[in-house]
Amino acid sequence: MIPNLSDYSLFVEPTKPTEAPRAPGINYQLSTELFSNYASKYRFVFLPENQQMKFMPQQVFQLPVGSVLVKSFALPFDTQSTGENNEKLIETRLMIHREAGWTALTYQWQQDNAELIIAGADVTHTLNNQGESMTFDYHIPSKVECKICHQINENDISRINPIGLKAHLLNLDIPRENANPVNQLNLWSNLAILADLPDLDTVDKSFSLINEAADLTNRAKGYLDINCAHCHNEQGFASISGLRLSYHIDHTSFKYGVCKQPPGWDGGPNGLAYDIVPGNAEQSILHYRQVLSAPKDKMPPIGREIVHSEGTELVKRWIDNMSANIGTCQ
């Protein structure tokens, strides 16, 4: 394994994994993101020469062997401000597609160098969120913990897979230097790094949780997909729960959690019984576990040390607005 991130020569400036990737690297964005303690994330994809990603309408895009996904995490000092002067670079994660499958590597930043870590690490950080000062230990996952979120089980074989490269999360307009914004999927198709892109009118599109002009259900399902569905699917780490939170699952169904009792959880301090109680977020486990902090109760179980107030409010509002006619939990 390569000990220093700089040895990969992925960026023009090795100390800045947030900009200027070397060719053929290209940055990408998601319409809504996995919450990681308000960290800013900088994403890049590197494909082998003359190779393409394959469009998938509902699943993660297929990437050729030799592809590298790069994601750097920087914690803000104030969540209302942006820019490198307001951030502390914490870690850079690589996912490398080898002949044997995907492998995940994590590099921790210390001053101007990022070194490979296997066992994980904790970094104490203080940030201001809308006037509230929060001090917590940001947890950099170990190699084993990476597998929890990225795990897929197929035919009794466990492997890891990317999470965010899905059509509905990538179907958005992105800024281009000295040019008007362009649709990200169209751009990739025009650059010949994405194959089989259909007419964009047929491609699903989820919206940011802060986009108040967008449909509430669309935003909530996009948020739950990126934050929960990598575990809560038939092949994921939480498959035994029976809860399926992928974007394309019918949100009025039992398997999406409507009037569904979860196995293996005691209901927490308030003894709640159902994942989703339509019209009543306070009685819904799905919302309740978002605001709990005890290791045995919180969701997601790893990846957050503080509560995502904007995300929990979105899910609460969505459940409260669900019609009670969808289901009566008894």
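1. Helix α6 spans residues 309–320, twelve in number, and extends 16 Å from its first C-alpha to its last, close to the 16 Å expected at 1.5 Å a residue. The expected span is 1.5 Å times one less than the number of residues in the helix. Helices (H or I, at least four residues) and strands (E, at least two) are DSSP runs, numbered from the N terminus.

2. This is a predicted model, in which local features need pLDDT of at least 70 and side-chain atom pairs count only at pLDDT 80 or more, while totals for chains, interfaces and linings use all residues. Residues are numbered from 1 along each chain as its sequence is written, and side-chain values use heavy atoms, with hydrogens and water left out.

3. Which residues of α6 are buried? They are Gly311, Thr312, Leu314, Val315, Trp318 and Ile319. These residues lie on the same side of α6, because they cover an arc of only 155 degrees around the axis. The arc is that of the directions from the helix axis to the C-beta atoms. Buried means under 20% relative accessible area, exposed over 50%, and partly exposed in between (1.4 Å probe, protein chains only). The cover over the buried residues of α6 includes α4 (216–228) and α5 (285–288), where contact means heavy atoms within 4.5 Å.

4. The structure contains one disulfide, a term for a pair of cysteine sulfur atoms within 2.5 Å. Its partners are Cys259 and Cys329, with sulfur atoms 2.1 Å apart. The bond joins distant parts of the chain: Cys259 lies in the loop between α4 and α5, and Cys329 in the segment after α6, 70 residues apart. The disulfide is left-handed, because the torsion about the S-S bond of Cys259 and Cys329 is about -85 degrees. Cys259 is buried, at a relative accessible area of 18%, whereas Cys329 is partly exposed, at 21%.

5. Cys149 takes part in no disulfide; the nearest cysteine sulfur, that of Cys231, is 4.9 Å away. For Cys231, the closest cysteine sulfur is that of Cys149, and the distance of 4.9 Å is too far for a bond. Cys149 counts as buried at 17% relative accessibility, and Cys231 counts as buried at 9%.

6. Two strands are taken to pair if DSSP finds at least two bridges between them.

7. Leu75 is placed opposite Lys88 in β5.

8. Strands β8 (residues 121–129) and β9 (residues 132–140) form an antiparallel pair over nine bridges. Asn128 stands opposite Ser133 in β9. The hairpin of β8 and β9 has two residues between the strands, and Gln130 takes a positive phi near 55 degrees.

9. Strands β12 (residues 173–176) and β13 (residues 179–183) pair in the antiparallel sense over three bridges, with Ile174 opposite Val182 in β13. How many residues lie between β12 and β13 in their hairpin? There are two, and Asn178 in the turn has a positive phi of about 60 degrees.

10. Ala324 is located in the segment after α6 and counts as partly exposed at 48% relative accessibility. The C-alpha atoms of Ala324 and Gly279 are separated by 5.5 Å, although the two residues are 45 residues apart along the chain.
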